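Q: Could we go through the helix packing and the interior of this model?

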Amino acid sequence: MSNQLPASNDNPAMTSLDERVTELLGRMTLVEKIGQMSQVNAADDTIPDNLREDIKAGKIGSVLNQVNVDIVNELQRIAVQESRLGIPLLVGRDVIHGFNTVLPIPLGQAATWNPELVRKGARVAALEAASTGVNWTFAPMIDVSRDPRWGRIAESLGEDPYLTSMLGVAMVEGFQGADLSQPGMIAACVKHFAGYGASESGRDYNTTNIPENELRNVYLPPFKAAVDAGVATLMASFSDLDGVPATANRFLMRQVLREEWGFGGFVVSDWSSIEQLTVHGISANNRDAAFEAVNAGVNMEMASTTYADHLAELLDDGQIDIGLVNEMVAGILRLKFEMGLFENPYTDLSDFPATANDDHLATARQAAKQSIVMLENRNDTLPLKKESLGSLAIIGPMADDPYEQLGTWIFDGNPALSQTPLQAIREALGDSVKINHVRAMETTRSRSTDAFDEARQAAEDSDAVIVFLGEESILSGEAHSRANIDLPGNQAELVRILHETGKPVIAVILAGRPLTLANIVDNLHAMLFAWHPGTMGGPAIADILFGAESPSGKLPVTFPRMVGQIPIYYAHKNTGKPATADSFLHIDDIPVRMFQTSAGMVSSHMDAGNTPLYPFGYGLSYTQFSYADISVSKKEVSMGGRLTVQAVVTNTGKVAADEIVQLYIRDLVGNVTRPVRELKGFTRLHLQPGESRPVSFELDTSDLAFYGRQMQLITEPGEFHAWIGGSSATVLRAEFTVISE
Ligand code: BGC
C-alpha cells in the first residue's frame, strides 16, 4: 500500500479504492461513522450480548484481544451479515515479539542488527496471529529509547534512530508483506507517536519535554521511515509532549504526519488515552477530550468511549464538522478495503501452517542466537569445550524457567513450548558431562541466601559454573520501570560466592533492559547478555556456550556503569568542555581542599567518568576482527552527490564468525550542534579465519541531512569524519568534505 496517494486519476486501482470509500461513506449514518471510529476490547471467551448488538448496529469498527478463531469469525459474521452495511472488523492484538512462538524481545532482536532476520521473525508472528483471525498488530514499537530504567525499553529497538528505522521498517514489511490483501498479512501499527521513550526518569507514562529540533532529529525519523515504507497505522502515545499530550497533538498528527509526510493511513489512540486527556488536565471532561483528539487527527478510539458518547453532540453544537468525521472514517475504511476484508472477512485455520512449527522454531532459535551479546570473555573461557568437561554447575533462577525466558508482552506465548537453557545444555552434553543444577534463588528478586551453600557446593564439585541471572519477565515492559537497574535480589552475592570457589564462572543474563553490571563483572570469567530470548532461548544459548556458533550480537543500546549516568548514549553532543578518558579526576583521587578549578573542568561524573560500561554497537566474538585501510572514494563530494567509505575487515582469530561492521559519521560544524557520532550504515559479514574482505558503504549527501534551526531538513557543506569498525567506540577514521557547488 502507499501512503503518498497519487492523484486518484493517475492510478485506476486507487481510483476504485477511493470511489469505494466515498460510495460507502455516502451510505453511512452518523452512528455508523462514529462506530467505525470505535474499538472495543473483546477478550471474553464468549460474545457478550451488548457487543453482539453493538456490532449489529454498526457501532464498532474494530475489536481487540480476541484470538479464538471461531469467535473472531462469528464477530466478523455479525458485522458482515447482520449489520446494515456489512463492514468487516479490524481485529487487533499486541503481537510484539512472536505469537505462540516467542521470538526474543524486540530489544534482543535489535541486537542481531539483522533486518532480514527481523523481517522473517515478524512474518512468523504475522502468520501465527493471522491464523486466529487477527488482522492488525500494535507493533512495532519504534520509540527511540535511551533510558534503561524505562520498562518499555524491552519493546524498543534501542537508542539509535537509524538502527530503529532499519529494523522497524523490516518488522513492518514482515507483518504487512508487499500486499495487505494477501493471506497471512496483517496491518502493522507503529507506536507510540511520539516521544514516549523520553519519559522523564524512565518512569512509564511520564511527561516528556523534547525540543522540536531533537524530536525531528532523533524521535521522528523511525516513524517517517515506517510511513515511507507503507505502514498502515500509527498509535498515538500516552505521553505529554511539551505540554500537549500526544493524543491531542495537532502538530504531530496534522502538521508532521499528514501535511509534511503525506500519510494516508490512520491513527489509533492508545488504550483509553483520549479519556486520559482529562486526567492530564488538557481537557475538562470526556466531551472536550473527544474534541481535542478528533481535531488533532486520531481516527479511532481504543477502549474508552468518548467518541461514541460525544462526537454527535460536538457536531450538533457545531464544534466540529462532518467533513472531519468523514476524513477520519475514510482512513479506516480505506484500510479495510486495501486489506481485502470486504471480500475475505473470515479466517480458515486450515489455510495456515501450524503455529510453532519447525520452521517457526528455527527462526526463533536463529533470532535468539544472533541476539546474544558476549560482554566479557577473559582467557577465552568461552566456548566451553565439551570434550574437556567432566562436570558443569548450572546455577541460578533463570536456568530452567520456561515462562521467565519469554519476556514481556507474551499474551499468546506458550511457556510449554519453551526450551530452557538447562534442557538444552543437557541435550548438548548428553551423559558425558555431569550436571550439577541448583536454582539457588526462587526468583531473580529473592533475598534469601538459604540455597547459596548448595550452589557453592555444586560449583566446587564442577569444572566450570554457568550462572543464569537477570530479571524475570514482569520486571520490564509497560508500567514496569525501575529506578535501580542492578541485578535485583541477592544475585550479585550469589556471583561473589561462586567466584570464591575459584572455578571459571560464566554468567548468562536474561533481562528486559540493559542492567548495571559493574558489581559483578570482576567476579566473572565470561558474560553473555541474552535478553529475554523467547521460546528457543535455551538451544540458542547452548549453541553459543559450546561454540556451535560464535556470538555475533551487538548492543543496540548503551550499558551505563551506574544509573546516575543516565541518559547516556553514544550519539551525544560534544559540549564545550568534552572529557577524554584521562581528563577527569576520579572522586577517590581528588586531593582534599584541592583548588576548585584544577580538577579536570570537563563534562564528566567524578565517580563514573564519561564512558559507559559497554558502548552502543559493542559485542565480542570467539574470533578477533581487525579493521584497516579506511578510505573514502572522494575527498570532496558535491551537494547531491555520493561517495563510498570503505575499509578492510580481517578475521585474525581461529574460528569462522559473523561480524557486524558499522559506519559512523560526524558533521563537524552545523547550524545546530551535531552528535559526536551517528550510525549511518551496518552490514553483517561472515569471515573464515584469516579471511579479509573489503566493506564499503555508500553515502548520498542527503544521508547527512539533519533538521537545523529553521526545522528544515538540510545537508550543510563542510567537513565530515567517518569511522568504520565493530562498535561505536571504533577509532579507524577517514575524512571528507561536502562542497556546495
Ligand atoms: C499500550 C499499547 C498497547 C495497548 C493495547 C497499551 O497499554 O501502551 O502499546 O498496544 O495497550 O494492548
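A: Helix H15 passes helix H20 in a right-handed crossing, meaning that the near helix is turned clockwise from the far one by less than a right angle. This is a predicted model, in which local features need pLDDT of at least 70, side-chain atom pairs count only at pLDDT 80 or more, and totals for chains, interfaces and linings use all residues. Residues are numbered from 1 along each chain as its sequence is written, and side-chain values use heavy atoms, with hydrogens and water left out.

Q: At what angle do H15 and H20 cross?

A: The axes of H15 (residues 358–371) and H20 (residues 537–545) cross at roughly 50° and come within 8 Å. Axes are lines fitted to C-alpha atoms over the stretch in contact, with angles from 0 to 180 degrees between N-to-C directions.

Q: Which residues make that contact?

A: H15 contributes Arg365, Ala368 and Lys369, and H20 contributes Gly537, Pro539, Ala540, Asp543 and Ile544; contact means heavy atoms within 4.5 Å.

Q: Changing topic, which residues of H8 are buried?

A: In H8, they are Asn213, Leu215, Arg216, Asn217, Val218 and Tyr219, where buried means under 20% relative accessible area with a 1.4 Å probe, protein chains only. Helices are DSSP runs of H or I with at least four residues, and strands are E runs of at least two, numbered from the N terminus.

Q: And what do they pack against?

A: The buried residues of H8 pack against helices H7 (161–176), H9 (221–228) and H10 (250–260), and strands E7 (240–241) and E23 (706–707).

Note on methods. Buried means under 20% relative accessible area, exposed over 50%, partly exposed in between (1.4 Å probe, protein chains only).
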